[in-house]
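Subject: The structure, plus some notes

Hi,

Here is the structure to look at, and my notes on it follow below. Have it open while you read, if you can.

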Amino acid sequence: MLLFFALGLLVHFVFFASIFDIYFTSPLVHGMTPQFTPLPPPAKRLVLFVADGLRADALYELDEDGKSRAPFIRDVIMHEGSWGISHTRVPTESRPGHVALIAGFYEDVSAVAKGWKENPVEFDSLFNESKYTWSWGSPDILPMFAKGASGDHVYTYSYDAEKEDFGAHDATKLDTWVFDKVQDFFHSARNNQSLFSKVNEEKVVFFLHLLGIDTNGHAHRPSSREYKDNIKKVDGGVKEIVSTFKHFYGDDGKTAFIFTSDHGMTDWGSHGAGHPSETLTPLVAWGAGIKYPQKVSAQQFDDEFLKEWKLENWKRQDVNQADIAPLMASLIGVPFPLNSVGTLPVNYLNNTDLFKAESMFTNAVQILEQFKVKMTQKKEVTLPFLFTPFKLLSHSKQLDILRRARSYIKQEKFVEVVSLCEELIELALKGLSYYHTYDRFFLGINVAVGFVGWTSYASLLIIKSHSNLTRGASKEVKKPHHLLPCSFAAISVLVSCFLLIQACPWTYYVYCLLPVPIWYAVLREFQVIQDLVKSLSAFPLSHFVGYVLIFTLGIELLVLSFFYRYMLTAGLIAFAAWPFLTQLWTRAKITSLSWTFFSLLLAVFPLMPVVGREPDLSLVMGAGLLVLLLSLVVVTTLIKRKITFIKEELLVHLLQMLSTVLSMYVVYSTHNSLLKKQGLPLINQIVSWATLASSLVVPLLSSTILFQRLFSILLSLMSTYLLLSTGYEALFPLVLSCLMFIWIYMEQETLQQSGVSCKQKLTSIQFSCNTDIAQFRQLYLDDIRRAFFLVFFLVTAFFGTGNIASINSFDLASVYCFLTVFSPFMMGALMMWKILIPFVLVMCAFEAVQITTQLSSKGLFLIVLVISDVMALHQPLRDCHVHDHLSGVSQWPGTAAHNKETQTVWQTQKSFHVMLVKSSASTYIWFCFLKKSPTRDSRGWILDQQDGSDGKRLVVQD
């Protein structure tokens, strides 16, 4: 069994690691030649303002009095520059957003291993290409661009990380710090000749990262006064900085300004997924090289936002977030970032048509260079007769397009040049995606074959060692023919030679060779397979088909629950009917009714909004009171029944009840303190961490009697869970635990009904019993149902409240009782523990089920393993393109944000957020659970939004 466990661990580790090799490899390539426009740029310097977490509507809309909360920016839109919406892509986090803005490429999915804090692969950026860059802002953002820059020309000035406090009295001080430091910088430049000469050079970038809006959004929500006042503060600060630049440089007209945001924010104060409030960010550009405002009578974007913002007469020009990088490079005349996949938005440029055409040509060549390098890399490691080139962009077609573009430039057909370059960029991006995913099918098939073999072997082991299916079959053991090992050895040699010739990385050897010994082990059990077939041949066909159908439906229900939370509700409703479909109803009416009641009660949670969107402290307090009430009832009942209840055990229960009371107090007082902007009280923080630590130890001090130990675990974990709760989810572990207690009784009744064993009282069973009871009985068909129940309850524990449904479901308010200073890994660990608490409760209950029903732990482990593995097999078999250069994982495209070959299907806030990307003939967006599906007219796909955005009518152009 130890060898089997080690092998299983290896197989699952390889399967898990393969996900990163197949779906999460970096798309970045190196070795390209820098490309720049051979014409003088319009600007000598660029100032980039990034208001972290700023939504487009929050900036552009008017306040209750009909006035703009950003009057300076609005004046720029109307009198000085161009404006539009920048469409970000998932994950809508700060690091990916800034990389898209400054480096021009979308999320490098391999950064998931770095927690999205830094990029694991070196990349080129606007800062690296500049002569000098000075940046001010957050220590979480600035260092990664300085780290990747060559030479010593990128300077960063950051405040201490401790200042990023969500419980701070005034988060706008983060932005004030940046503005003050910039003012001090220019003041000192006047008195420092060396610095003065540097700032007067060409190709200079100034970057101001403004984190206050994001911090206030997390702490108070975007609808709060704090968030909106912070926008006013930023607007005033931008006005002062612009004035400082004009004064310092003598208003020479050589400064370009870009104001934008890295991502937006949901109404409930989070970001990370693809809701429009997260992906729609503002873009305002003015100064040298930027086109002046254009008044229009009709807009390309016919939606109600423009009228609401009172900007319908000023031309709106939307871009993809990565398009801003080539725009900035073009303005100051530096080479386009080597890894940029953005398309230059020429409509923003106020320059000659020749400059626009040359800039677009440079943009196209720069992206084509990436395509060539990617193709060469793949061609060098693939056998010639196996290599399939990207047919839409052959070498001859590349030369033809470039030749025609050069010819059009000489003929001054600049509009044709721009159109031709856009076509080349589109094809090159498709080609990049093609070569990036070139090996995906090959690797996926190999991993799937290996995993199918492993699942088959585990199933055969169950049948051979833990069941009676082969009892009446032949017991004659035949040794495998000597040709079998020789054949598999030959296969291994052939596969190794094939991989060696292609110079494949070592991980490819693991994925391709691992299936060989696994399938050899399966075929060695040929006798078991033969005996199984004989046993099943005597089984009624209708029963066999029925069982297979039920098992298949159960597996698919589990898989679908990862995408549609309401499938958990469907499963729990089916569970509620279980006693009435068997004889349990006649044997234990009260237990059956209790099971049905709590199943239906638990079924309500997956239908509720995702945790964090509607915080309600009263529900947390109510959950705490219910825990206290339940504790009193249980303790009183145990005493009345004269159960052995020594003073030490009673003291433990009283301490746990006191811990629950303290948790309720800490939650309430912390909430009030943060509302008053007084920060997190130190005493509350100490109590919270002490409660968390004690919850891991105190249950060990309780009685080893099964019922009392389970209840002690519930009380301890509930104290911590209350501290991590913000709303209705505080009730979830309580309801789940009640159902788990009933489940233990139900399984006892089921086993007694089948005559396998006598019913034992839970108050007489010891948790400390660790004898393997496999000798008492073999596995029965009903044990598959028990294992399925375990897997279903585990999935329900994870997804029941939607708290790991997507990135933006992680509400930071959940950890405010423990800390308010931004610490992603510590906050992530606390959120993960919150997610695991229901999981722990289910596992403890199942251990009790295993003990009370005399189940073999090894056999049951194998059944659960097989069920989980069958579910996992859906991943490599699913055509899920997690990332490509072409479409990324953008959720709200707008004009030209998506290629027409990509279809993105999203579930928004009324379910948990997952993303499926499939090939199709056109682009559309489907918001599940909205009242209306998108429709189409001559302008594009139309969605009547009904998710709390005042029914705005949004149009997505093809």
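Let me begin with a pair of helices. Helix α14 (residues 353-380) packs against helix α16 (residues 414-436) at an angle of about 20 degrees, with the axes 9 Å apart. Axes here are lines fitted to C-alpha atoms, for helices over the stretch in contact, and angles run from 0 to 180 degrees between N-to-C directions. The two helices are therefore roughly parallel (angles under 35 degrees; over 145 is roughly antiparallel, 65 to 115 roughly perpendicular and the rest oblique). By class, their contact has 19 nonpolar, 4 polar and 4 charged residues. In that count Ala, Val, Leu, Ile, Met, Phe, Trp, Tyr, Cys and Pro are nonpolar, Asp, Glu, Lys and Arg are charged, and the others, Gly among them, are polar.

Before going on, a word on the source. This is a predicted model, in which local features need pLDDT of at least 70, side-chain atom pairs count only at pLDDT 80 or more, and totals for chains, interfaces and linings use all residues. Residues are numbered from 1 along each chain as its sequence is written, and side-chain values use heavy atoms, leaving out hydrogens and water. As for the element names, helices (H or I, at least four residues) and strands (E, at least two) are DSSP runs, numbered from the N terminus.

Next, the sheet. It is open and mixed, with 8 strands in the order β4-β3-β5-β1-β6-β7-β2-β8. β4 (154-158) and β8 (319-320) are at the edges with a single partner strand each, so one side of each has no neighbour in the sheet. Two strands pair if DSSP finds at least two bridges between them. β1 (residues 45-51) and β5 (residues 204-210) run parallel and are joined by 7 bridges, with Val50 opposite His209 in β5.

What about strand β2 (residues 82-87): how many of its residues are buried? 6 of 6 are, where buried means under 20% relative accessible area, exposed over 50%, and partly exposed in between (1.4 Å probe, protein chains only). β2 pairs with β7 in the antiparallel sense over 6 bridges, and Ser82 stands opposite Ala285 there. With β8, β2 pairs in the parallel sense over 2 bridges, and His87 faces Asn320.

Two helices lie across the sheet strands. Helix α10 (residues 225-248) lies across β1, β5, β6 (255-260) and β7 (280-287), at about 170 degrees to β6.

Have a look at Arg316 too, in the loop between α12 (304-309) and β8. Arg316 is buried, with a relative accessible area of 6%. Leaving aside neighbours within four places in sequence, Arg316 is in contact (heavy atoms within 4.5 Å) with residues including Trp83, Gly84 and Asp303.

Last, further along the chain. Helix α23 (residues 566-576) has Met567, Leu568, Thr569, Gly571, Leu572, Phe575 and Ala576 buried. Their cover includes α22 (541-561), α24 (578-581), α26 (589-602) and α32 (781-799). Two of these, α22 and α32, pack at about 10 degrees with axes 10 Å apart, which makes α22 roughly parallel to α32. Among the residues making that contact are Phe551 and Leu558 of α22 and Phe788 and Val795 of α32. The contact divides into 11 nonpolar, 2 polar and no charged residues.

Cheers
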